[in-house]
Amino acid sequence: MLQRPDALVTLDNAGIHRGGRWLVRGISMSVDAGEIVTLIGPNGSGKSTTARMALGLIAPDEGTASRRRAIRVAYVPQKLTVDWTLPLKVSQFMHLTGRVGADEAQAALAATDATRLTHAEVRTLSGGEFQRVMLARAMARRPDLLVLDEPVQGVDFTGEIALYELIGRIRDELGCGVLLISHDLHVVMAATDRVFCLNGHVCCSGTPKSVALSPEYRALFGNRAASTLAVYEHDHDHTHLADGRVRHADGSITDHCHPDDGHHHEEPDKERSDA
Amino acid sequence: MLDDFFTRALIAGIGTALVAGPLGCFIVWRRLAYFGDTLSHAALLGVALALLFEVNIELAVFAVSGCVAIALLLLQKRAAVSSDALLGLLSHSALAIGLVVLAFMTWVRVDLMGFLFGDILAVSKMDIAIIWFGGALVLAILAMIWRPLFAATVNRELAAAEGMNPGRANVVFMLLMAAVIAISMKIVGVLLITAMLIIPAATARRLAPGPEQMAMIAAAVGAMAVMGGLFGSLEWDTPAGPSIVVAALCFFILSILPVPARLSLVSREEGRSCDEFNEGDTRS
């Protein structure tokens, strides 16, 4: 793969060798500023390993992993438990790895609908609440690169859609690159620019639609998964950007939203009106 | 003032407690109590070596405990032995080797009980200087590494991903622990150092609304335990080091008793912030 000069993070033919076998091998990918890249794949396919390489938490045993110098990273790990011996309020958790402005912290908590949790003890939060707080903390850092490992765990389906929309909004507002690991094979968010489907190696990659249609993806997850992915795209086939323009699922951007301009696949259904 | 042995004991003990409290919080948060035990048992080996080579005891204890801490860090990375078994093995081996080496040195007369259970009533002005200057240095360094160390305590990967260098903070913390063991050995002895580290911190848990406050409350509780223990030891003629630990335990038991809501620091704090929030809500 060609090195992109403006990529935030680049993996070039990277692999991790542990306990006599390759967890992942030959991973070439990059995340640019303002782009949402999603990693999907079955359990044990190396999604988290790949993300940890991209974050610099583990060094590749083969190939290279490089990040642009002095980028600000925000990471939302898959699992974070706070010990009961640790008294920690949400308001204090917001400053965990660096002081953020009070306004920024408040705005981020408001954006994730977590304002009422500001003075709660972190360890008393439910899974979904903590997920929103972690996202708010990451957002308040105003990162260049936001890495989310299975952010919708413990969140119900409507919350899941809202969370994906929020991630899209964070990208639009901050212009940051987003690397997202999705545990949910059926729901890959429509705002994703590129999908890398992993199975120990990059099995296929491209726009969500092209990946869903690719024979490798169908071989890995079956036809049913591919069709549900397409259905989900119909629900959210466009996003309204901060400047009023509309980004469509196929990546094009128009000034207005017309149901019959060819970017849409069918009329928005009832779920759309809820959102 | 410093000519009175009891005053010297009070000043030395309070100095030790002020340092042990904040450091003890991290030991409680990171579940390192057993680790602390291992380091403090290794201190006896440091004492033996200091007597053998005729060097300063505090420095020798710091060096030996520090080496054991770094060795444990490296071994844990290899992770061939479960760290629980590893700590148990090292902890008691270090204690045993220390006792054996001391027994071999028939030409030195050592007060073994003093090293095992503390000899706070025998602290000198020099000891006080070491405790207060060394303690101030330990606290200053702890304040410097507080954010990365705390972030790594909550989640190591998160801290590393966001550029906090938790590995370095970890090594520095281990050395601080070795330093605290070196300066507090004289107060409570190698067998009871861990108690001075974790009991005040555990007591502070119930009272503290946040991590920084917990560190400060732990320091205060430790200082009160030293005062209580020393006056108790004077009153009832009990050994000073163990009396301090018993006093700390009494404070801990008090802290876990159910408190009427109007007296509890934490619930009042929470109640107030809740009210503030509700007011803010109705205004907006």
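In this predicted model, 20 residues of chain A are in contact with 23 residues of chain B, two residues being in contact if their C-beta atoms, placed from the backbone, lie within 7 Å. Strand S5 (residues 73-76) of chain A gives the most to the side of chain A that touches chain B, with three residues. Helices (H or I, at least four residues) and strands (E, at least two) are DSSP runs, numbered from the N terminus.

Residues are numbered from 1 along each chain as its sequence is written, while chains are lettered from A and ligands numbered from 1 in the order in which they are written. Local features need pLDDT of at least 70, side-chain atom pairs count only at pLDDT 80 or more, and totals for chains, interfaces and linings use all residues.

Chain A contains an open sheet of three strands in the order S2-S1-S4, with antiparallel pairing; two strands pair if DSSP finds at least two bridges between them. Strands S2 (21-32) and S4 (62-67) of chain A are the edge strands, each pairing on one side only. S1(A) and S2(A) are joined over eight bridges in the antiparallel sense, and Leu11(A) stands opposite Met29(A) in S2(A).

Strand S1 (residues 7-18) of chain A also holds Asp12(A). The C-alpha atoms of Asp12(A) and Gln106(A) are separated by 39 Å, although the two are 94 residues apart along the chain.
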